[in-house]
Amino acid sequence: MTDATLSFEEAMEKYDPVLGFEVHVELNTKTKMFSSAPNVFGDEPNTNVNEVDLGMPGVLPVVNKTAIESSIKIGLALNCKIAEKCRFARKNYFYPDTPKNFQTSQYDEPIAYDGYLDIELSDGTIFRVEIERAHMEEDAGKLTHMGGATGRIQGAEYSLVDYNRSGVPLVEIVTKPIEGAGSRAPELAKAYVAAVREIVKNLGVSDAKMERGNVRCDANVSLRPHGRERFGIRSETKNVNSLRAVEHAVRYEIQRHAAVLDSGEPVTQETRHWHEDTRTTTSGRAKSDADDYRYFPEPDLVPITASREWVEELRATLPEPPAARRKRLQADWGYSELEFRDVVNAGVMDEIEETIAAGATPTVARKWWMGEIVGRAKNADVDPGQLGVKPATIVELNKMVEDGKINNKMASEVLDGVLAGEGTPAEIVEKRGLAVVSDDAPLLEAIDAALAAQPDVADKIRGGKVQAIGAIVGGVMKATRGQADAGRVRELILQRLGVEG
Amino acid sequence: MTENNELIRLSAAALAEKLAAREVTAVEVTQAHLDRIAAVDGKVHAFLHVNTDEALAVAAEVDAIRAAGGAAAEELHALAGVPIAVKDLIVTIGQPTTAGSKILEGWHSPYDATVVERLRAAKMPILGKTNLDEFAMGSSTEHSAYGPTRNPWDLDRIPGGSGGGSAAAVAAFEAPLALGTDTGGSIRQPGAVTGTVGVKPTYGGVSRYGAIAMASSLDQIGPVSRTVLDSALLHQVIGGHDPRDSTSLPDPLEDLVAAARTGHVEGMKIGIIKELHGEGYQAGVENRFNESLELLKAAGAEIVEVSCPNFKYALGAYYLIMPSEASSNLAKFDGVRYGLRVLPEQGPMTIERVMGATRAAGFGDEVKRRIILGTYALSAGYYDAYYGSAQKVRTLIQRDFDAAFAQADVLISPTAPTTAFKLGEKLNDPLAMYLNDVATIPANMAGVPGLSLPGGLADEDGLPVGIQLLAPARQDARLYRVGAVLESLLEAQWGGPLLEKAPSLTAATADSSAAATALSHGGSH
């Protein structure tokens, strides 16, 4: 069944969206939140568990101190207050992903509360998102429902349970209702989750890989007619697990809510499932505020006390905040405002940093990510970081170009080969028989012509202003219709002029 | 079937001395107790599982170490080779752990409780697992899914609960020592009605890791024995910090054995709790209690009266907090990962229905009653009125104790309002059953330590009466200091231990060997 939707523009004309996010961040501690079992992703099911994670009779939890530290760091990075004393609580519900049939979480005493995050939108506008709380809890196990058509528990013949994830430390970051985003709501949604992801990655407290579920977002959307103060009824779209999906899911829900409201019906308060393939949501579980989890303070754990001295010690260890980091990177890399903002908006700042760390120059890294990879990601409909390009691949490709083995056009072809899984760049060059014809004679002819055409530039280069070489290279490339290897052209020009490169 | 009467009647301390002096072997001691179990447990039914092979193997290991001499022999723990029984709420590798419930029938723990690790480190042979009310919920051991335990003083009467199995095993000379757990009196009240000693340590004094939780904020593992010194010896083995229990106290353990050996009451202020005697207490209980007071006074203690006005709310608050925590603690028993799994007889095979059918079949009535009570008390809209108010009462009780301990070094009361009642007498009257714990519950609510020791026999029925001592948190040593004195004064009066007056369980019975045969295979029954 497909839900009716209004166009986004029409929805925006009629309604004012209110957003809210619950972002779950898996911490990358060595061991689990309440047990000494390893916190490792992707192993053989039910191997990273001990009696505590399996909820065996008689077991007791012990709090992971590093997880508390990480949680406090997250709270501080979100400009939150840190509770001097807080407790865990039990959230009781029967479901086999939780081996104790309760989740140890925090209820009315979160470790961090009352913070905010300033989000920079694509045009540089700053939007402040208020943080209600960040609390600690344990992740649930993973259920795989077998034999049904939908992969859901309904209609499944049986379900497999993997408790490796059970007890992995989580911090859940909850925003206050976000008002006033208007038509930028989808963009803000993406930017907010990206900012949270950037913060936890920067803090080093999470691997922050959305595709692995290290950062998971539940997006709440409601609409109200313009001018009305009271919020509309919200839906909660669960586990929206990529930045693009967050944007799309919020956009879709706004359009769907608008159609429901237009039909004169109330929106149903429920959870929704996001479907990446159709970019739609479907109805999940009816959710009301009256869901009764019978919370009560966890009697097996003593309260957490965070002395002011400890909090200040942790604050002193915080790395440079992402906004400051962006400023620094922009300066280090020598990008213009516009170039840098494009990089940030394309979501490839971290990737460029890694590529530079792997040995590329800032210019080369930007050229590859912005010129080659972002476009491919767009076509493939994934985040650029998820396309699977490794920094080392870029460095290798670039070296081949610089060495004159292949030209840029060929390099782009080789990249396609790498992404198609055909092997390493060197293997692909070999297999596809790609190599620049290294007959310099026609090039030298073109170079001499270019030098003759721009004698003042030639003089500058002879005088040591090597950066002026671009004009000559450009001339040669034009003359050869881009077939020449620019690196080789550069070398030959310098040789011709007797200048060291 | 021969019984080594002399060995089984010795205290743990006396056995330890004889073992150290190599007058007896650990195998002889262990075998004597296994023989006694075989001879009498068919009637008493203190054990759910007898651990013959492992117990004898551990005993033989101790004997070998002693025989070899040298440093290893020197390093043996004082209680090495002294056998012990373990309440079947405490998990053990190599033996089943049932918690007295059908829902865990046949389950073997993959890990040892911390206290069991400590018994093993001390090389104490574990004789087996003792019976209890299902998940420790009861005051008579009648709520065990595996049938009741009987009181060695009168087999038609209850041995108290929930730890009736441990108390009866010790009273019937089937074990010199046992482990119990005490949430509202489950060590002390069985001690009182079987003429044995039982101690609930300060909350956090003994690790709870591996004790199947009923009410986490109230549960505490403690020693069960026939003498005050023996409890101190065992307490010293199991006590002390455990990093696996967050509520475990970091304090180093006091020398409890020295406290029990020296004993001291002269100049001490002993407070009678006004609210915990008199009306509602059996006359014979009251008489023995008053006698103990006279003896303590004669020994130089000052008897004062203290009032704890909020104790009258303790039972009500306890029956909100305990079931609330229990309803959550017992949620894990759902048939998904271990234990019983029952499939619904008809209708769709959904996970909810499998859990429902499993819990319906696996839990007994008292467990269900408490889960329902607790679920209700924690529900939205009721939480503040029930769980919230009960927590406030808990604070008031703690304040009452603080005020009382400002006036007295230790407090004293009867352990239970009555002597052992008949099996079945209160089974259909939960409120009457709950009243058994009226004097023991306040200690759990406040986390303070309590000790019950035999105070004599009630005039009207000739059954044991328990005297309870209470001390401030972390002052468990005071219980042993005062308890040892009172015990010696009383025994001097009786001319020996009270249990010498208990009936022999082996006199002229025809069916004991049949029971012994059934038991020697060590299975649950």
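Reply: With that, the C-alpha centres of domain 2 of chain A and domain 3 of chain A lie 27 Å apart. This is a predicted model, where local features need pLDDT of at least 70, side-chain atom pairs count only at pLDDT 80 or more, and totals for chains, interfaces and linings use all residues. Residues are numbered from 1 along each chain as its sequence is written, while chains are lettered from A and ligands numbered from 1 in the order in which they are written.

Me: Which residues go into domain 1, domain 2 and domain 3 of chain A?
Reply: Domain 1 covers 8-313, domain 2 covers 320-432 and domain 3 covers 441-497.

Me: How many helices and strands are there in chain A?
Reply: Chain A has 16 helices and 16 strands. Those are DSSP runs numbered from the N terminus, with helices being H or I of at least four residues and strands being E of at least two.

Me: And what does the C-alpha trace of chain A span?
Reply: About 85 × 55 × 50 Å along its principal axes. Of its 501 residues, 44% count as buried. Buried means that 20 or more other C-beta atoms lie within 10 Å of the residue's own; exposed means 12 or fewer, partly exposed is in between, and the C-beta atoms are placed from the backbone.

Me: OK, sheets. What is the strand order in the open sheet of chain A?
Reply: Nine strands in the order 2-6-7-10-1-11-12-13-14, with mixed pairing. Two strands pair if DSSP finds at least two bridges between them. At the edges are strand 2 (81-82) and strand 14, each pairing on one side only.

Me: In what sense do strand 7 and strand 10 of chain A pair?
Reply: Antiparallel, over seven bridges, with strand 7 at residues 126-138 and strand 10 at residues 169-175. A:Ile131 stands opposite A:Thr175 there.

Me: Which strands does helix 2 of chain A lie across?
Reply: Helix 2 (residues 65-77) lies across strand 1 (15-26), strand 2, strand 6 (112-120), strand 7 and strand 10 of chain A, running at about 165° to strand 7. Helix 3 of chain A packs on the sheet too, touching strand 1, strand 6, strand 7, strand 10 and strand 11 (215-225), and its direction makes about 20° with that of strand 1. For those angles, axes are lines fitted to C-alpha atoms, for helices over the stretch in contact, and angles run from 0 to 180 degrees between N-to-C directions.

Me: What about strand 13 and strand 14 of chain A, how many bridges do they pair over?
Reply: Five, in the antiparallel sense, between residues 270-275 and residues 280-286. A:Trp274 stands opposite A:Thr281. Four residues sit between the strands in that hairpin, and A:Arg279 takes a positive phi near 50°.

Me: Switching topic: how many residues of chain A are in contact with chain B?
Reply: 26 residues of chain A are in contact with 36 residues of chain B. In contact means that the C-beta atoms of two residues, placed from the backbone, lie within 7 Å. Chain A's side has 16 nonpolar, four polar and six charged residues. In that count Ala, Val, Leu, Ile, Met, Phe, Trp, Tyr, Cys and Pro are nonpolar, Asp, Glu, Lys and Arg are charged, and the others, Gly among them, are polar.

Me: Now chain B. Where are its domains?
Reply: Domain 1 of chain B takes in 82-305 + 396-502, and domain 2 takes in 311-388. Their centres, taken over C-alpha atoms, are 27 Å apart. In contact across the two are 30 residues of domain 1 and 24 residues of domain 2.

Me: Which helix gives the most to the domain 1 side of that?
Reply: Helix 17 of chain B, with three residues.

Me: And how many strands are in the open sheet of chain B?
Reply: Eleven, in the order 1-3-2-4-6-5-10-11-9-7-8, with mixed pairing. Its edge strands are strand 1 (47-50) and strand 8 (302-306). From one strand to the next, the twist averages 25°.

Me: How many bridges join strand 10 and strand 11 of chain B?
Reply: Seven, with strand 10 (residues 450-457) and strand 11 (residues 464-470) running antiparallel. B:Pro454 has B:Gly466 as its bridge partner.

Key
Domains from an automatic or database assignment.
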